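Reader: I am new to this structure. Please pick one part and take me through it closely, step by step.

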Amino acid sequence: AFSDIPLGAADPILGLNEAFKQSTSPEKVNVGVGAYRDEEGKPHKLDCVREAQRRILERDLDLEYTGIAGIPEFVSHAIAFAYGNDSPVLREDRVAAVQSLSGTGALRVASEFIARFRGAGTPIYVPNKTWGNHIPIAENAGLSVKRYRYYSEGTCGLDFEGLVEDLRAMPEQSVVLLHACAHNPTGVDPTEEQWDQVLAVVQERDHTVLFDSAYQGFASGDADADAFAIRLFAAAGVDMLLCQSFAKNFGLYGERVGALSVVCQSPEEVEHVLSQLKLVIRPMYSSPPISGARIVTEVLGDAALRAKWYAECKGMATRISAARVRLREEVERLGTDRDWSHITSQIGMFCFTGLTPEQCDRMVSDHAVFMTRDGRISMAGVTQANAPRIAAALHDVTCR
Ligand code: LMR
């Protein structure tokens, strides 16, 4: 009965993990998926997370279902983390929020919610470039994906004029997806002054913003500074939804811990939105898992562990910055005409190299450097030890 089912394509990002595992090259390097690695290239568990797990285990808590919206204490901590403790929208009880299956789950529930209340086929405008999974998430929920200008291939930086022009040219009240910080895959963010201007256009056109915040803490090393755009838009009264992931900043990848929040105009509106989010979630996965959310609650709810988290997150961001400097030095040392300055000017977890898909294929086939075909390198997988090898591969595929 299943004989006519065609073979599906491997995921452009997660499929690389499989290819990496299968590679027999002794020198193979995985800079595909955005997952932090330590200086030895190993997955990294945060000490604050280890301590939180120890405390939670000691309490021998029950393993009952959460409510459909997840663990209330977690949700409160998650939104305070994003919007800020002194946020007007939190003070005024204007945020409807639920726990989610990390950022992807938040995006999917948000997209279903938009499709339900704006209608199937509603356009969602995503940046050109964006995280590959944004497109099927939105389409599978029934939205129609359109793009706005964002990344300039010429400068490997932001096409700010194009961005503003496109925001202005969209129909009023469009749904616009913005990356809150540490844009994936380009590593290119607007400056604070540019965010102010983006906000002005969004307000002028009365757009609804869907923020994807998967790297809070990874752009600057300071989670509060990285929430600049979120807090700016929330304080300005923009209609917005926010998808948060705690995968990278807390190193809780497989725990699938995240949150979706919707900024409303009144507490009554919150009640209605929340009731509808629950109606989306219940038939989809019933209720979220508890373990990762308990960890984040413990860390953010305890002053000492919270301080430890800030320090550890900064440590990860600092190591990545050092890896950027090293990779750029190494590749420049090999002496090409190509400008590699974007390696250090881009921020967050990724470096967008500008390599063609064919050059990316050669990075994998000739050098066992596993990177995605869009030219993205996960800087989190670059170390002082493997930087020379990656640099040599970059040099080779761009010079021949
Ligand atoms: C990435 O872009 O590599 C990460 O967000 C992981 C993923 O799920 O794709």
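**Where α3 meets α12**

Author: Let us look at one helix pair and what surrounds it. Helix α3 packs against helix α12, residues 291-300, at an angle of about 60°. Their axes are 9 Å apart. The model is a predicted one. Angles of 65 to 115 degrees would count as roughly perpendicular, and those under 35 as roughly parallel. The pair α3 and α12 is therefore oblique. The crossing of these two helices is left-handed.

Which residues of α3 and α12 make the contact? On the α3 side they are E73, F74, H77, A78 and F81. On the α12 side they are A293, V296, T297 and L300. By type, this contact divides into 6 nonpolar residues, 2 polar and 1 charged.

Take F81 next. F81 sits in helix α3, which spans residues 72-83. Is F81 buried or exposed? F81 has 23 C-beta neighbours inside 10 Å, so it counts as buried. The cut-off for that is 20 or more. Setting aside residues up to four places away in sequence, F81 touches A223 and L300. L300 belongs to the α12 side of the helix contact. F81 also has A227 at a C-alpha separation of 8.5 Å. Along the chain, F81 and A227 are 146 residues apart.

Now step to I71. I71 lies in the loop between α2, residues 47-59, and α3. I71 has 21 other C-beta atoms within 10 Å, so I71 is buried too. What does I71 contact, beyond its neighbours within four places in sequence? The list is T66, Q99, I290, A293, R294 and T297. A293 and T297 also take part in the contact of α12 with α3.

Follow α12 onward to its other partner here. Helix α13, residues 303-333, packs with α12 at an angle of about 100°, and the axes are 6 Å apart. That angle makes α12 roughly perpendicular to α13. From α12, the residues E298, V299 and L300 meet L305, R306 and W309 of α13. This contact divides into 4 nonpolar residues, no polar and 2 charged.

One last stop is the ligand. Around the ligand are I13, V33, G34, W131, N133 and N184. That shell divides into 3 nonpolar residues, 3 polar and no charged.

Methods:
Residues are numbered from 1 along each chain as its sequence is written. This is a predicted model: local features need pLDDT of at least 70, side-chain atom pairs count only at pLDDT 80 or more; totals for chains, interfaces and linings use all residues. Helices (H or I, at least four residues) and strands (E, at least two) are DSSP runs, numbered from the N terminus. A residue is buried if 20 or more other C-beta atoms lie within 10 Å of its own, exposed if 12 or fewer, and partly exposed in between; C-beta atoms are placed from the backbone. Two residues are in contact if their C-beta atoms, placed from the backbone, lie within 7 Å. A residue is near a molecule or strand if its C-beta atom, placed from the backbone, lies within 6 Å of it. Ala, Val, Leu, Ile, Met, Phe, Trp, Tyr, Cys and Pro count as nonpolar, Asp, Glu, Lys and Arg as charged, and the others, Gly among them, as polar. Axes are lines fitted to C-alpha atoms, for helices over the stretch in contact, and angles run from 0 to 180 degrees between N-to-C directions. Angles under 35 degrees count as roughly parallel, over 145 as roughly antiparallel, 65 to 115 as roughly perpendicular and the rest as oblique. A crossing is left-handed if the near helix is turned anticlockwise from the far one by less than a right angle, and right-handed if clockwise.
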